[in-house]
Amino acid sequence: MEMGSTVLLHLFCVVVLPLLSVSLVQAEDAYKYYTWTVTYGTRSPLGSTQQVILINGEFPGPQLDLVTNDNVILNLINKLDEPFLLTWNGIKQRKNSWQDGVLGTNCPILPNSNYTYKFQAKDQIGTFTYFPSTQLHKAAGGFGGINVYHRSVISVPYPYPDGDFTLLIGDWYKKSYTTLQESLDSGKSLAFPDGLLINGQAHTTVNGEQGKTYMFRISNVGLSTSINFRIQGHTLKLVEVEGSHTVQNIYNSLDVHVGQSVSVLVTLNNLPKDYYIVASTRFSKKVLTATAVLHYANSHSPASGPLPSPPTYQYHWSMRQARSFRWNLTANAARPNPQGSFHYGKIIPTKTILLANSAPLVNGKLRYAVNKVSYVNSDTPLKLADYFNIPGIFSVDSIQSFPSNGPVYVATSVVPTSLHDFIEVIFQNNENTMQSWHLDGYDFWVVGYGFGQWTPAKRGTYNLVDALTRHTTQVYPNSWTTILVSLDNQGMWNLRSAIWERQYLGQQLYLRVWNAQHSLANEYDIPTNVLLCGKAVGYHH
């Protein structure tokens, strides 16, 4: 009898329990359906009425709350008078660059028409954003938060917080996006922004209870300016950066650069009153500040006293803080295996790419360039040109992998790579301004920061043990930053400046991650509802 029970128990553990866990996970791969309508509207975020872009009447747009592996079916209706696209900043679009929502992969949605995005938050957790990728629409709104929560069968390396607050912080202009765009088109750089907004407002309130711990998800959704974030009388425990669980260091304030996101735990362990939440611009002669209020539920005292001070020091302090962000090697992220089980530091790169940004004049007008090439969008998305074998849209010889001394020229620049390459990319910034670089389709290990010129000897300073993975990295003035990328996601992927003026005027390119063998294991088929434009019109799929 005992032996029979033992056999039955063994069968239950070997056969039934795995089936139960599989069904649990599959049940959580939910389908979530949305209909979003994009319109113009009016708001007064800095006191004066101006035109903004609304999604379902909201500014900022609706928050996307997802769980790992959720499938999103989102019908986007464009009621603007211009073509429009949204991109999903940090969502990797596994095998699915068809849904990336940038002009190199998608035809824009024409006025009074729609497109249904279909994508999955595959094997991801964390704090992300979405925003318009077309024109300078981002300067008018249309952005919002994306929060991807863990599946119930996967733990997180901290006690579950008592609440969750999303703070979208960014610089803002009083001028309309069309006026800003006209300035750039005429060859003039944008002036310094007029203010900072937190969740589309100059003032807002966050409510919590004394003794409880809350997660603050902070994203820099601005156009150009690094920010510093802090809360009066409270510390910030960093727990997640763009999908990576971190070593849980405590900070008084955090620098968040353009396009970046961080998640911190804040315990309301102070006297019951109101406290200032502060965001201010970094590395700027004129300091812009936005405040919100952290309101204790049993508070009877308004926020008072001086605002908490920003860091006294500038680039060296910020770079030192950036180096202190470390990967939590023992924690899992979206999947059961620990993050540290992928030993990125032991892989020899198959290719090195060194990208130097610049701000040249082309035909007497300001442009931005990478390795002497200033990017121009084609009327035909590169992804469609590649799929339909349409010649003359892009060339994989249009940009070199290292800087050259030749003249600056404009081109639709694409860097060729192979699926499963492991590449080293160095961003060399010889300008006196901050840079912020983003790669669609991936996260990457930020293994090194340094001042001056990168040389091969700098590899000796790389963190090859517990560097963070993220999708957007800063590069300090007259400095370099190195990333390592495992190219395991086939497609056409935008590598761009997150500083939108620079992206708009040419500081971007595409990585073509390619495998000649067509396989659904590597990449999904072209969507049945794909929009066709440019030279792709008339092609059948």
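I looked up an open sheet and found four strands in the order β2-β1-β4-β6, with mixed pairing. The model I am reading is a predicted one. Which strands stand at the edges? They are β2 (50-55) and β6 (113-120). Each has a single partner strand, so one side of each is left without a neighbour in the sheet.

Next I noted how strands pair in general. They do so through backbone hydrogen bonds, either parallel or antiparallel. Then I asked how many bridges join β4 to β6. Eight bridges join β4 (residues 71-78) to β6, and the two run antiparallel. I looked up one partner by name: I73 has K118 in β6 as its bridge partner.

**Then the pockets**

I turned to the largest pocket. It holds about 720 Å³ of space. I found 25 residues lining it, and those nearest its centre are K92, D123, R335, D443 and D488. By class, this lining has eight nonpolar, nine polar and eight charged residues.

The second largest pocket holds about 610 Å³ of space. Its lining has 25 residues, with F192, S224, T225, T433 and I499 nearest the centre. I sorted this lining by class too: 13 nonpolar, eight polar and four charged residues. Which helix gives the largest share of this lining? It is α5 (residues 500-504), with three residues.

Notes:
Residues are numbered from 1 along each chain as its sequence is written. This is a predicted model: local features need pLDDT of at least 70, side-chain atom pairs count only at pLDDT 80 or more; totals for chains, interfaces and linings use all residues. Side-chain values use heavy atoms; hydrogens and water are left out. On a 1 Å grid over the protein atoms alone, a cavity is a set of points where a 1.4 Å probe fits but cannot get out, and a pocket is an open set with protein on both sides within 12 Å along at least five of seven lines; lining residues have an atom within 4 Å of a point. Grid points are joined across faces, edges and corners, and a volume is the space filled by probe spheres set on the points. Ala, Val, Leu, Ile, Met, Phe, Trp, Tyr, Cys and Pro count as nonpolar, Asp, Glu, Lys and Arg as charged, and the others, Gly among them, as polar. Two strands pair if DSSP finds at least two bridges between them.
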